[in-house]
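Please walk me through reading a structure, one feature at a time.

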Amino acid sequence: MKVSKFGGSSVASAEQIRKVFDIVTSDEERRIVVVSAPGKRFSDDVKTTDLLIALAEKYLQYGEAQKELEAVIARYRDIADQLELEEDIVAEIEEDFQARLQLSDDTERFLDCIKAGGEDNNAKLIARYFQSCGVKAEYVNPKEAGLLVSDEVGNAQVLQESYDHLYRLREKTGIVIFPGFFGYSPEGNLVTFPRGGSDITGAILAAALKADLYENFTDVDSVYAVNPNIVDHPKEITELTYKEMRELSYAGFGVFHEEALAPAFRAKIPVCVKNTNNPKAPGTMIVAKRRTNGNPVVGIASDNGFLNIYVEKYLMNREIGFGRKLLQILEEEGLSYEHTPSGIDSLNVILRAKQLTEEKEARLFDRIQTELEPDKVKIERNIALIMIVGEAMNKTIGVAAKAVSAIQNANVNIAMINQGSSEVSMMFGVKESDVENAVRSIYQAFFEKAYVS
Ligand SMILES: Nc1ncnc2c1ncn2[C@@H]1O[C@H](COP(=O)(O)OP(=O)(O)O)[C@@H](O)[C@H]1O
Ligand SMILES: N[C@@H](CC(=O)OP(=O)(O)O)C(=O)O
């Protein structure tokens, strides 16, 4: 059995949904289909999830958002018309969103409820299309199926008991069309995964159902060695390990959600990233072990939006508990950190910048000054991280030197270097304005010139 997830771009229009139908029905192993909300049809288009966020925000502010609601319904109407579905499906979808809008009293949960409507209604619509083509298919709601998650609004995590519940989906005789992106807390509240979280739903179902393969259909032929929006026609990756993919996803490979790796990895389900627009292409396999091809680096990822807290104090190395006290301040301020590279007398803490409002930044700065009495504190924003990833890197001499010299060739200053303790990755901090040049140069060094270790 295969679990097949189709991302937003694969279900963005009637034309795309027809392709999904052909792919699913061409292989009888494809029995569980996870779908996203309609995504972008062209590069400047707006994803339905973003339309829904705008709808929820406007409704909360003004108590009405007719124009925004109409923009959402228009996406479904357009698809339903072109798939020649009966008009009642659009009325049903509109009614569903109207009902969701009535739940605005609980402002915290409201956004999750509206966002989830994107995938939920698309799953209903796609199930209807499969049925209209004479195929046995049914929409299954995550509550009915027992997809239980933690009650963290917009940031849910699957609960262990879900796996036993979801296994029962195996008993279904037709094709299951399952909405991605959300589950329910044990108390019955709807909670969404982080953005891009339909990948997580697919991985959970693949693990729970002990699938032979988890297929993740998107709009590119494979995972590439670098973001194709930075380098034209980058090298395709045919195979990579769960560990490598997790590091790359974490550091900016938007093609597959980093939190989708754990369920697949633990249940040892191989993952295949494939193209809905070119299903014959073999795609990229994500597996536990892979053959090495001589290049220690499998991919280069990068992401903007970090900040660096730099703290310097002479003889810091002698002061027991300095690091703990600094991290405790962050904990008390509700901040999570990503990395902590350090020197003898200095410590850097890298955070996702969006967590730190100006007010929080000022308070944090004050607390570090008064509680730790450092010689210097600096908070640098607009930091980008570049991650070079490959399981064979730790056995290869000269990878760091090669990367550093590539960054130097691009005339980019390195703000910080960190070798991941897993030794699968190496990270460089640079200014956001320099990141693309640095990435291009590193890509050239490892993928365009023959690799000499
Ligand atoms: N290294 C990479 N390899 C492939 N695609 C990447 C990579 N980095 C970023 N992407 C982007 O990820 C996109 C696919 O992910 P996403 O937009 O989430 O798709 P979907 O609509 O299927 O959920 C691609 O169109 C590509 O622009
Ligand atoms: N629709 C949600 C969840 C998701 O996974 O979407 P996509 O498959 O388009 O990345 C989002 O935009 O975040």
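The dialogue below takes a few features in turn.

Q: Before we start, what kind of model is this?
A: This is a predicted model.

Q: Which residues of H1 are buried?
A: Count neighbours. A residue is called buried if 20 or more other C-beta atoms lie within 10 Å of its own. In H1, Gln16, Ile17, Val20 and Val24 are buried. Seen down the helix axis, the buried residues of H1 fall within an arc of 95°, so they line one face.

Q: Why do residues three or four places apart in an α-helix point the same way?
A: An α-helix has 3.6 residues a turn, so residues at that spacing point the same way.

Q: What does the face of H1 turned away from its buried side carry?
A: That face carries the exposed residues Glu15 and Asp22.

Q: And what covers the buried residues of H1?
A: Look for contacts from other elements. The cover includes three strands: E1 (2-6), E2 (30-35) and E4 (175-179). It also includes helices H3 (66-82) and H5 (107-132).

Q: How many residues of helix H9 (residues 242-250) are buried?
A: In H9, 7 of its 9 residues are buried, so this helix is mostly covered. The buried residues are Tyr242, Glu244, Met245, Arg246, Glu247, Leu248 and Ser249. Charged side chains are on that list too, including Glu244 and Arg246.

Q: What do the buried residues of H9 pack against?
A: They pack against helix H10 (261-266) and several strands. Those strands are E10 (239-241), E12 (284-287), E13 (299-312), E16 and E18 (425-431). After H9 comes glycine 252, whose phi is positive, near 130°.

Q: How should I read a record's annotation? Where does UniProt place the "coiled-coil region"?
A: Take the annotation, then check it against the model. The unreviewed UniProt entry places this feature at residues 66-96. Over residues 66-96 the chain is 84% helix and 0% strand. The end C-alpha atoms of this stretch are 15 Å apart.

Q: Which residues does the UniProt annotation "binding site" cover?
A: The unreviewed entry gives Thr49 and Glu119. They span 71 residues in sequence, yet no two of their C-alpha atoms are more than 8.5 Å apart, so they gather at one spot.

Q: Is threonine 49 buried or exposed?
A: Threonine 49 is buried, with 24 other C-beta atoms within 10 Å. It is found in helix H2 (residues 48-62). Not counting residues up to four places away in sequence, threonine 49 touches Ala37, Lys115 and Gly118.

Q: What is glutamate 119 in contact with?
A: Leave aside its neighbours within four places in sequence. Glutamate 119 is then in contact with Val35, Ser36, Ala37, Pro179, Gly180, Phe181, Phe182 and Ser198. Glutamate 119 lies in helix H5. It is buried, with 28 other C-beta atoms within 10 Å.

Q: Which residues come nearest to ligand 2?
A: Read a ligand shell by its closest members, then by class. Of the 15 residues around ligand 2, Gly7, Gly8, Ser36, Thr49 and Ser198 come nearest. The shell divides into 2 nonpolar, 10 polar and 3 charged residues.

Q: Which come nearest to ligand 1?
A: Of the 19 residues around ligand 1, they are Gly7, Ser9, Thr218, Asn227 and Val255. By class, this shell has 7 nonpolar, 11 polar and 1 charged residues.

Q: What about backbone angles? Where is phenylalanine 181?
A: Phenylalanine 181 has one, of about 90°. Its place is in the loop between E4 and strand E5 (182-184). Phenylalanine 181 is buried, with 28 other C-beta atoms within 10 Å.

Q: And where does asparagine 382 lie?
A: Asparagine 382 lies in strand E16 (residues 376-389). Its phi is positive, about 55°, although it is not a glycine. Asparagine 382 is partly exposed, with 14 other C-beta atoms within 10 Å.

How values were computed
Residues numbered from 1 in each chain as written. Chains lettered and ligands numbered in written order. Predicted model: local features only at pLDDT ≥ 70, side-chain atom pairs only at ≥ 80, totals over all residues. UniProt positions renumbered as here; feature names shortened; annotations may be inferred. Helix = DSSP H or I, 4+ residues; strand = E, 2+ residues; numbered from the N terminus. Buried ≥ 20, exposed ≤ 12 C-beta atoms within 10 Å, placed from the backbone. Arc of directions from axis to C-beta. Contact = placed C-beta atoms within 7 Å. Near = placed C-beta within 6 Å.
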